[in-house]
Amino acid sequence: MARLDFPQDFVWGTATASYQIEGAVQEGGRGPSIWDTFSHTPGKVVGGDTGDVACDSYHRYEEDIALLKKLGVKAYRFSIAWPRIFPKGIGEVNQEGLDYYARVVDALLAAGIQPCVTLYHWDLPQALQDQGGWASRSTIDAFVKYAETVFQAFNGKIKQWITFNETWCVSFLSNTLGIHAPGFKDLQLGVTVAHHCLVAHGLTVKKFRELGIQGEIGTTHNLNWCEPHSTSPEDAEAARRSRAWNNEWFMDPTFKGTYPQFLVDWFRAKGAEVPIEPGDMETIAQKIDFIGINFYTGNYGRYKENEGLFDYEEVQVGFDRTDIGWNVYPEALYKTLKWVHEEYGDTPIYITENGACYDDELTADNRVHDVKRTEYYRKHFVQCHRLISSGVPLKGYFAWSLLDNFEWAEGYRKRFGIVYTDYETLARHPKDSYYFIRQVIADGGFDV
Ligand code: JJW
């Protein structure tokens, strides 16, 4: 048996997002977002689920914060809903929206928990989508104005700010694959949206510095490790393309102010161009205080002609998979963050999401014995410890998620929480994984 100790100042936390937990979509002066529109469009979300009620955290945030306090986390990552602050995306500030988040922030601070705020976790005001959404550069200006408004409202209270959650999902998953809102299937649109989000990130960081806002600012990219299944050059190149699409396409601009040229060429051959305007790349590559990484899985794959965008198909090599179909591949967390450190330097790294989806069952004693999720966490914590030991500047870890919630196009059936949400009563029941994480935090580590 060995003991794995984490540094005293390691930041343990959990994460959520506004549309996934708040509900109360018509309250507090909130305007509609693209996720209201999308989830209310038949066929877009499994079971026709919507975020109308979700976990009702808009009304139950005190209970959620009590769960965080009992868990012993140092930090809580949540997102501010842009349509609560600007119901139409621009124009008049909705004071009721600011007041709601002020209550959340103050309750967190009173509980001794650092707020980590995501500015854009996918709930774009519908009014802006009606004018082109992220395909239009005017949305960039609207975003910076929204960011400035919340920076000033909460200056000094927020330890960490995250501009965007998962720019790959915002762009390609939502505009090229059509799986998330607004649900378009267009390569050019995905490329354009990715670029505009990156520019919006850069301008927001600039604004943050200009205003002299306290705390740290960064962004969160979801990385996905892809490895070739064989040693053939075709397989290596196909895996390389898939990896670059998920990873370098976002990390290179953020840190180096460049796009991976071979993929720029690949997209051009398919008729899509990055709409770069003078100064954009310098704007994107603003120095950030930390980089957030969301990590869930990795895969092996091979070349297959005309498969997807990259002539790449995944090969099943016998991984256990979670109930959303994602491989359990903890070593890929190590490989990914090792690569981030080697390729992009010493910027502090936070795992801003990691977790597992399993179909839990509430037992008669109101417990959930989520053995597989607990094992998933344990294995990923081992890799975190390995990373820290090998000199990677990993400073914190946020479990996705505090509680079961609206899992986007998958609806409520896919549960990622360490707390079970009973959607009939909206009662919360901590799962065994919650108690495992609580013990790790209390002990500063665990035995393997
Ligand atoms: C779908 C891949 C082809 C969220 C997907 C890829 C292509 C059929 C979880 N992270 O709820 C979904 N999540 O809000 C942010 N991250 O399709 C937080 N990525 O399939 C969590 C990725 C995702 C996805 C879901």
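Biologist: Is S390 buried, exposed or partly exposed?

Modeller: Burial goes by relative accessible area: under 20% is buried, over 50% is exposed, and partly exposed lies in between, using a 1.4 Å probe and protein chains only. S390 comes out as partly exposed, with a relative accessible area of 30%. Keep in mind that this is a predicted model, where local features need pLDDT of at least 70 and side-chain atom pairs count only at pLDDT 80 or more, while totals for chains, interfaces and linings use all residues. Residues are numbered from 1 along each chain as its sequence is written, and side-chain values use heavy atoms, leaving out hydrogens and water.

Biologist: Where does S390 lie?

Modeller: Helices (H or I, at least four residues) and strands (E, at least two) are DSSP runs numbered from the N terminus. S390 lies in the loop between α15 (371-389) and β10 (394-400).

Biologist: Which residues is S390 in contact with, leaving aside neighbours within four places in sequence?

Modeller: Contact means heavy atoms within 4.5 Å. By that rule, S390 touches Y334 and K338. A polar contact is a pair of N or O atoms within 3.5 Å; within protein, one must be able to donate a hydrogen and the other to accept it, and residues adjacent in sequence count only if both atoms are side-chain atoms. The side chains of S390 and K338 have one, at 3.1 Å. Those two residues are 52 apart along the chain, with their C-alpha atoms separated by 8.7 Å.

Biologist: How many disulfides does a search of the whole structure find?

Modeller: A disulfide is a covalent bond between the sulfur atoms of two cysteines. Here the test is a pair of cysteine sulfur atoms within 2.5 Å, and the search finds zero. For C169, the nearest cysteine sulfur is that of C197, 11 Å away. C169 is buried, at 7% relative accessible area. For C384, the nearest cysteine sulfur is that of C116, 16 Å away. C384 is also buried, at 0%.

Biologist: What lines the second largest cavity?

Modeller: On a 1 Å grid over the protein atoms alone, a cavity is a set of points where a 1.4 Å probe fits but cannot get out, and lining residues have an atom within 4 Å of a point. The lining of the second largest cavity is S18, Y19, E22, G23, V25, R30, A81, R84 and D123.

Biologist: And how many residues line the largest cavity?

Modeller: There are 16, with I21, Y76, F78, Y100 and V104 nearest its centre. α3 gives the most to that lining, with five residues.

Definitions and conventions. 1 Å grid on protein atoms, 1.4 Å probe; cavity = no way out; pocket = protein on both sides within 12 Å on 5 of 7 lines; lining within 4 Å.
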